[in-house]
Amino acid sequence: GVPLGGIGVQGHFGGRADARGIKTKLDKLAQFGLPIRVTEFDSNTDNEEMKALTLATVYTACFAHPAVKGI
């Protein structure tokens with residue numbers, strides 16, 4: 001009976017991030033009608049270019065989703 005104020009999700013990536021896959025997963029969580037916040041994010045690679053690409057993909061996909069209220 002405790003009310004929920006939102007959903008926290010984590011994003012841990014070992015390679016490329018898939019924007020379509022991220023959107024699909026966020027859509028599934030959004031069905032509950034609660035705000036979503038990304039509480040953790042990291043890119044587990046030593047390749048700085050890949051880290052930047054992953055960051056851009058994840059942030060773009062998340063901020064484009066109407067249920068995501070913050071990272």
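**Entry 1: the core**

I started with the largest nonpolar core, which has 13 residues, and found that I22, L26, I36, V58 and C62 touch the most other members. A nonpolar core here is a set of buried Ala, Val, Leu, Ile, Met, Phe, Trp, Tyr and Cys residues joined through side-chain atoms within 4.5 Å. Buried means under 20% relative accessible area, exposed over 50%, and partly exposed in between, with a 1.4 Å probe and protein chains only. Strand 1, helix 1, strand 2 and helix 2 each supply at least two residues of this core. For the elements I used DSSP runs numbered from the N terminus: helices are H or I with at least four residues, strands are E with at least two.

I noted the ground rules too: this is a predicted model, where local features need pLDDT of at least 70, side-chain atom pairs count only at pLDDT 80 or more, and totals for chains, interfaces and linings use all residues. Residues are numbered from 1 along each chain as its sequence is written, and side-chain values use heavy atoms, with hydrogens and water left out.

Next I asked which residues C62 is in contact with, leaving aside its neighbours within four places in sequence. I found I22, L26, V38, V68 and I71, where contact means heavy atoms within 4.5 Å.

**Entry 2: the chain as a whole**

I counted two helices and three strands in the protein chain. Read along the sequence, they follow the pattern β-α-β-α-β. The C-alpha atoms fill a box of roughly 45 × 20 × 15 Å, taken along the principal axes. Of the 71 residues, 31% are buried. I also looked at the contacts with a separation of 6 or more, and residues 24 or more positions apart account for 78% of them.

**Entry 3: helix against helix**

How do helix 1 and helix 2 pack, by angle and by axes? I got an angle of about 35 degrees, with the axes 9 Å apart, helix 1 being residues 19-30. The axes are lines fitted to C-alpha atoms, for helices over the stretch in contact, and angles run from 0 to 180 degrees between N-to-C directions. The crossing is right-handed; that is the label if the near helix is turned clockwise from the far one by less than a right angle, and left-handed if anticlockwise.

I then listed who meets whom: A19, I22 and L26 in helix 1 meet T57, V58, A61 and C62 in helix 2. By class, this contact has six nonpolar, one polar and no charged residues. Ala, Val, Leu, Ile, Met, Phe, Trp, Tyr, Cys and Pro count as nonpolar, Asp, Glu, Lys and Arg as charged, and the others, Gly among them, as polar.

**Entry 4: the rings**

I searched the whole structure for aromatic pairs and found three. Rings of Phe, Tyr and Trp (its six-membered ring) pair if their centres lie within 6.5 Å; planes under 30 degrees apart count as stacked, over 60 as edge-to-face and the rest as tilted. F13 and F41 make a tilted pair, 6.0 Å centre to centre with 45 degrees between the planes. F13 lies in strand 1 (residues 7-13) and F41 in strand 2 (residues 36-43), so the pair ties together parts that are 28 residues apart in sequence. F13 is buried at 18% relative accessible area, and F41 is partly exposed at 24%.

Y59 and F63 make an edge-to-face pair, 6.1 Å centre to centre with 80 degrees between the planes. They are four residues apart in helix 2 (residues 48-64), so about one helical turn separates them. Y59 is partly exposed at 31%. I wrote down that F13, F41, Y59 and F63 form one aromatic cluster.

Beyond four places in sequence, T54 is in contact with F13, G15, R16, A17, F41 and S43.

T60 is also found in helix 2, but T60 is exposed at 54%.

P35 sits in the loop between helix 1 and strand 2 and is partly exposed at 24%. Not counting residues up to four places away, P35 touches G5, G6, I7, A67 and K69. P35 and A67 are 5.4 Å apart, C-alpha to C-alpha, and 32 residues apart in sequence.
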